Amino acid sequence: MNLILFTFIVLLGFTSYYFGRRKAYTIQSSKKRLTALPQFYGYYLAIWCAIPAFIIFSLWAIFEPTIVKLLVLSDYSNQGYLDDELNLIYEKTKSLSRGQFTGEITPFIEASAEKYLSLRSIAQNSKAVIVLSIIIASVAYAYKRISSNSRTREPVEKFLNAVLFTASLAAILTTVGIVFSLIFQTIDFFKVIPLFDFVFGTHWYPAKAFVRDSSEALDPTMYSDTFGAVPIFAGTFFIALIAMCVAIPIGLMSGIYLAEYASSKVRQYAKPLIEILAGIPTVVYGFFAALTVGPFLKELGTSMGLEVSAESALAAGGVMGIMIIPFISSLSDDVITSVPQSLRDGSYAMGATKSETIKRVIFPAALPGIVGSILLGVSRAIGETMIVVMASGLAANLTFNPLESTSTITAQIVVILIGDQAFGDPKTQAAFALGMSLFLVTLCLNIVALRVVKKYREKYE
Amino acid sequence: MKKNGIKMIKIKAKNVDVFYGKKQALYNIGLDIEENQVTALIGPSGCGKSTFLRCLNRMNDVIDICRVKGEILINDFNINDKSCDVVRLREKIGMVFQKPNPFPKTVYENISYGPTIHGMAQSKQEMDEIVETSLKKAALWEEVKDRLHEPGTGLSGGQQQRLCIARAISVRPEVILMDEPCSALDPIATAQIEELIDELKKEHTIIIVTHSMAQAARVSQNTGFFHLGQLIEHGSTDKIFKNPDNTKTQDYITGRFG
């Protein structure tokens, strides 16, 4: 029923577009000048047709269930039922009306089921009637307003403006919503776990929190030494550092090669090939790191007499670096290519060689963009999850030995939230606290990146 | 400069052909450039005068599809020869471009760039001297002496172009090539640059490409007229402007085409 009505509104929208345009043509053919192109008249009418109808339609869909429920349950008021019992009665009513009720049928419930069904059908019919009459009224109003000197372009443009504004607002509001949910859960977490313990504690062992039976009262003392985030922050930055040690030199050098040295033919093939690296799903990188690189490093290390864990920070970081290469390479290539040719000419004309020109003129000029691409790479390294979960282990060791396993913020969030979780449990909230810290770190990185870029912009432009 | 009344020839171009891919841009150019004189190259857009200018310091090497044939002798040495070291060549032949293109560095670093890459200064003091003399010669010192360590890109258009000239003369080149150096400047800045060119010719040989007849007449002693990739006529500026041999030259100079 809803689908039919919906389709009907859309179809009517198209039809009114057609009629609006036709009216415009009629006006045109009577040798009068239009104030806008004919299709604006069509859009104008279509908007008047569809938008009020959709607004009523969605408001109805939102409020109908509540109103029906109120009406059905009004029979039970003043009988001393509790809210929970009323809800149960209502659920029984609904399932009986669908013919799915299996328990004992009381006359009361049967009566309410009938009432429910009749209310629903009244609601459906009146919805259709109201929506259709709204369409007729608004289209008639708009159609009458169309004349040779009426304005249609401005309302249509304003409408588009509003649509685009709503779209951007939706994106912003989602972000704000995510941040707020992080904030509230994080605050709840820090009510149980002191901030100091979280920031400076050196033991991260959330499995300990599994032990608690949820019926027991919360006892903050049992969480001491459980949620110390130092090891996982250290692990995060350590693995990101290893990744950047791989990605920055290789990415930058390949970017410089592509931009300055490669012939157009080499560039034509090499650039897409490098960008393929960016298209590999991170889960593939993950098992490449866990099943190929990790064991290889372990064997190599063992043959040299070193003790290497199969899940090492080096394997995860190295593979993560490879994953980041295309971002840095491709972006720095773009940035270097966009340095004006006149600067290169100026430098060559002074007798500078290619490498001198790159080092002394092009690189400084491209620096803001290059720094931007590197910071983007760092953000990715810090936020990367899959590779670390698969290749670097889940135990949060506080270590700076690249051959041992360590864990990161993202991997720990995965550990915490896999399987059953209880809301309001410090263990679950710990994930929010970690997410919040991750968000803050990335935010700071972005602010620093913007500042760096701005500073060099001012200096060089 | 005259030596025993005979003008010294600094650059001698013989049978120069230039191709961009399959398209020929210059046909059999032969031109002598006199030492310590200003030579103007004039002609309508696309006639090849800038291409010829870029042959003289092998800047056409930068363009992949460009090929240069023929001999260009500078101090009797063929720069198109394989044994020619482009880095040394460009140290001797400076260039100033159409649009001012200071490096995104400070005024000081813009000037010290050339001397640094050619290892011309042994100490900070020497470098300071080079920077100061170059800026003085480019008539820019008074304007920028208090802002040597501010970005060169922050100067006005005319100042930027003089900065580029100062940058070019910092390595004491024998020849300075100028590719429409005033086309992006206002009349006052143009007058300053023209005055400067007159001053610079005492120590350097100058070749200037220009679209302004008046400028060519004002600053140059010799003029070459290019048309459709050919050198139609060349000689003393006086003769070219007052009594040209070729009717095309006559037509171009009097503004009948171009």
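**View 1. The largest nonpolar core of the predicted model, with residues from chain A and chain B.** Of the 119 residues in this core, A:Ala243, A:Ala316, A:Val319, A:Ile387 and B:Ile207 touch the most other members. A nonpolar core is here a set of buried Ala, Val, Leu, Ile, Met, Phe, Trp, Tyr and Cys residues joined through C-beta atoms within 7 Å. A residue is called buried if 20 or more other C-beta atoms lie within 10 Å of its own, exposed if 12 or fewer, and partly exposed in between, with the C-beta atoms placed from the backbone. The most residues, 14, are given to this core by helix H10 (residues 313–337) of chain A; helices (H or I, at least four residues) and strands (E, at least two) are DSSP runs, numbered from the N terminus. Apart from this core lies another, of 21 residues, which includes A:Tyr41, A:Ala50, A:Ile135 and A:Ile146.

The structure is a predicted model, in which local features need pLDDT of at least 70 and side-chain atom pairs count only at pLDDT 80 or more, while totals for chains, interfaces and linings use all residues. Residues are numbered from 1 along each chain as its sequence is written, and chains are lettered from A and ligands numbered from 1 in the order in which they are written.

**View 2. The surroundings of A:Ile387.** If neighbours within four places in sequence are left aside, A:Ile387 is in contact with A:Thr282, A:Tyr285, A:Gly286, A:Ala289, A:Ala316, A:Val319 and A:Met320. Two residues are in contact if their C-beta atoms, placed from the backbone, lie within 7 Å.

**View 3. Helix H1 (residues 2–29) of chain A.** An α-helix has 3.6 residues a turn, so residues three or four places apart point the same way. After H1(A) comes A:Lys31, with a positive phi near 65°.

**View 4. The contact between chain A and chain B.** Chain A brings 18 residues to this contact and chain B brings 22 residues. On the side of chain A that touches chain B, the elements that give two or more residues are helix H11 (341–349), helix H12 (354–383) and helix H15 (426–460), and H11(A) gives the most, with six residues.

**View 5. An open sheet of four strands in chain B.** The strands stand in the order E4-E3-E6-E7, and their pairing is antiparallel; two strands pair if DSSP finds at least two bridges between them. The edge strands, each pairing on one side only, are strand E4 (23–34) and strand E7 (77–78) of chain B. Strand E6 (residues 66–74) of chain B pairs with E7(B) over two bridges, and B:Phe77 in E7(B) is the bridge partner of B:Ile74.

**View 6. Two loop residues of chain B, B:Asn36 and B:Asp76.** B:Asn36, in the loop between E4 and strand E5 (38–42) of chain B, has a positive phi of about 55° although it is not a glycine. With 18 C-beta neighbours inside 10 Å, B:Asn36 counts as partly exposed. B:Asp76, in the loop between E6 and E7 of chain B, has a positive phi near 65° and is also a residue other than glycine. B:Asp76 is exposed, with 7 other C-beta atoms within 10 Å.

How values were computed. Expected span 1.5 Å × (residues − 1).
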